[in-house]
Amino acid sequence: MPEEPPSFWFAGDRVYGAGNFYFWRPNVTWVGEAREITKKLPDKVSIRYSAAYGPKGDRWYDWLYCQMADLEAAEYSDTMIGIWTRGLLVRRNSADGDLRYLTTWCAQGTQLETLVQAEGTRWRIEEGFENAKNESGLDHNETHS
């Protein structure tokens, strides 16, 4: 029976701009800008999942995932072990076709649904920070008062 991947993950901000974050590493399958890599993926690999429950109900998107490279975590961290996957997660809004690109670094074998849930959780945290800034006046650069 294969070993279960660790039950933790890292969530970062999305790749801003028009997907011009460049993926590169020697001997990897995919190299290039996020938007160019996405164009090479077949449309049929997208799966619809809810990112999270928001103020207007479930936030449904179509998701694509591309594993970029499997890497030995110990090469990058003194505290992590095992094979971790560097990947590209793409969120498409089915209403307007808008694409968002997210980088991933997760234990090998992490399911797409788990990555989507992690992204949805990141959104809740970001929303919490935004609300805190609004309530404390930091959204209007009022740190001096």
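User: How many helices and strands does the protein chain have, and in what order do the elements run from the N terminus on?
Analyst: Helices (H or I, at least four residues) and strands (E, at least two) are taken as DSSP runs, numbered from the N terminus. By that reading the protein chain of this predicted model has two helices and seven strands. From the N terminus on, the order of the elements is β-β-β-α-β-β-β-β-α.

User: Which element of the protein chain has the lowest mean pLDDT, and which the highest?
Analyst: This is a predicted model, in which local features need pLDDT of at least 70 and side-chain atom pairs count only at pLDDT 80 or more, while totals for chains, interfaces and linings use all residues. Residues are numbered from 1 along each chain as its sequence is written, and side-chain values use heavy atoms, with hydrogens and water left out. The mean pLDDT (the predictor's confidence in each residue, from 0 to 100) of the protein chain is 77, and 70% of its residues reach 70 or more. Among the elements, the lowest mean pLDDT, 56, belongs to strand β1 (residues 14-15), and the highest, 89, to strand β6 (residues 83-92).

User: How should the coordinates be read where pLDDT is low?
Analyst: Where pLDDT is low, the predicted coordinates should not be read in detail. In this protein chain, the element with the lowest mean pLDDT is strand β1.

User: How many bridges join β6 to β5, and how many pair β6 with β7?
Analyst: Two strands count as paired if DSSP finds at least two bridges between them. Strand β5 (residues 57-72) runs antiparallel to β6 and is joined to it by ten bridges. With strand β7 (residues 99-107), β6 also pairs in the antiparallel sense, and the number of bridges there is nine.

User: Which residue in β7 is the bridge partner of Arg91?
Analyst: Arg91 is in β6, where Trp63 stands opposite it. The bridge partner of Arg91 in β7 is Arg100.

User: How many of the ten residues of β6 are buried?
Analyst: Buried means under 20% relative accessible area, exposed over 50%, and partly exposed in between, with a 1.4 Å probe and protein chains only. Across the 145 residues of the protein chain, buried residues make up 32%. Strand β6 is largely enclosed by the rest of the structure, because the number of its ten residues that are buried is seven.

User: Is Glu119 buried or exposed, and with which side chain does its own side chain make a polar contact?
Analyst: Glu119 has its place in helix α2 (residues 112-136), and its relative accessible area is 5%, so Glu119 is buried. Not counting residues up to four places away in sequence, Glu119 touches Ala51, Arg59, Trp63, Arg91 and Leu102, where contact means heavy atoms within 4.5 Å. A polar contact is a pair of N or O atoms within 3.5 Å; within protein, one must be able to donate a hydrogen and the other to accept it, and residues adjacent in sequence count only if both atoms are side-chain atoms. At 3.4 Å, the side chain in polar contact with that of Glu119 is Arg91.

User: How many aromatic pairs does a search of the whole structure find, and how are the rings of Tyr61 and Trp63 arranged?
Analyst: Rings of Phe, Tyr and Trp (its six-membered ring) pair if their centres lie within 6.5 Å, and planes under 30 degrees apart count as stacked, over 60 as edge-to-face and the rest as tilted. The search of the whole structure finds three aromatic pairs. The rings of Tyr61 and Trp63 have centres 6.1 Å apart and planes at 80 degrees, so their arrangement is edge-to-face.

User: How many residues apart in sequence are the parts that Tyr76 and Trp105 tie together?
Analyst: Tyr76 and Trp105 form an edge-to-face aromatic pair, with 5.8 Å centre to centre and 75 degrees between the planes. Because Tyr76 lies in the loop between β5 and β6 and Trp105 in strand β7, the pair ties together parts whose separation in sequence is 29 residues.

User: Which side chain is in polar contact with the side chain of Gln108?
Analyst: Gln108 lies in the loop between β7 and α2, and its relative accessibility is 40%, so Gln108 counts as partly exposed. The polar contact of its side chain, at 3.1 Å, is with the side chain of Asp70.
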